Amino acid sequence: MDKLSSLKKEGHRITKARKAIIDTFNSENMPLSVGELNAKLQKLGVMVNKTTLYREIEFLLSQKMIVEINLGEDKKRYELASNAHHHHLVCLNCKRVEDIDLQNDLLKQESSIAKSKGFKVSSHSLEFFGLCKNCQPI
């Protein structure tokens, strides 16, 4: 079941803005800030005021449709919540963000932490910062 159908089934309205926001997150392959999301919506001809946009972000977070991603910036970024937990490679020069999957190794590490420290991990976030292939000096 797609995200829009899931919301509709739960009795939530599918407004033009909400549909456009979810469609935009679906079409992007990197986390978006609110400003970037707004710019992409405007390119599509969907005008959403700032208050509505922030309200929709909060709603989608509360419904676990999107997740907040911290890429070490002063702004929050968001992406669709997916079943496949992943991490990111972030280029400090061009700001390109690429998904990377490290699930298996980190599950072992979480298990080790639980055993050695008696700490039950509920979630984690891991991002790698550096220079992508295109931005590295020759």
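**Helix packing in a predicted model**

1. Start with helices α3 and α4. Helix α3 covers residues 34-43 and helix α4 covers residues 50-62; the two pack at an angle of about 115°, and their axes are 11 Å apart. The model is predicted, so local features are taken from residues with pLDDT of at least 70. Angles of 65 to 115 degrees count as roughly perpendicular, and α3 and α4 are therefore roughly perpendicular to each other. Their crossing is right-handed.

2. Which residues make this contact? From α3 come V34, L37, N38 and L41. From α4 come L53, Y54 and I57. By class, the contact of α3 with α4 has six nonpolar residues, one polar and no charged.

3. Now take helix α2, residues 16-27. Helix α2 packs with α3 at an angle of about 105°, with the axes 10 Å apart. That makes α2 roughly perpendicular to α3.

4. On the α2 side, A20, I21, T24 and F25 take part. They meet L37, K40 and L41 of α3. The residues of this contact divide into five nonpolar, one polar and one charged.

5. Look again at α3. L37 and L41 are in its contact with α4, and L37 and L41 are also in its contact with α2.

6. What about the rings? The structure holds zero aromatic pairs. A ring does meet a charge, though: the charged end of R18 sits over the ring of F59, 3.8 Å from the ring's centre.

Terms used:
Residues are numbered from 1 along each chain as its sequence is written. This is a predicted model: local features need pLDDT of at least 70, side-chain atom pairs count only at pLDDT 80 or more; totals for chains, interfaces and linings use all residues. Side-chain values use heavy atoms; hydrogens and water are left out. Rings of Phe, Tyr and Trp (its six-membered ring) pair if their centres lie within 6.5 Å; planes under 30 degrees apart count as stacked, over 60 as edge-to-face and the rest as tilted. A charge sits over a ring if NZ of Lys or CZ of Arg is within 6 Å of the ring centre and within 35 degrees of the ring normal. Axes are lines fitted to C-alpha atoms, for helices over the stretch in contact, and angles run from 0 to 180 degrees between N-to-C directions. Helices (H or I, at least four residues) and strands (E, at least two) are DSSP runs, numbered from the N terminus. Angles under 35 degrees count as roughly parallel, over 145 as roughly antiparallel, 65 to 115 as roughly perpendicular and the rest as oblique. A crossing is left-handed if the near helix is turned anticlockwise from the far one by less than a right angle, and right-handed if clockwise. Contact means heavy atoms within 4.5 Å. Ala, Val, Leu, Ile, Met, Phe, Trp, Tyr, Cys and Pro count as nonpolar, Asp, Glu, Lys and Arg as charged, and the others, Gly among them, as polar.
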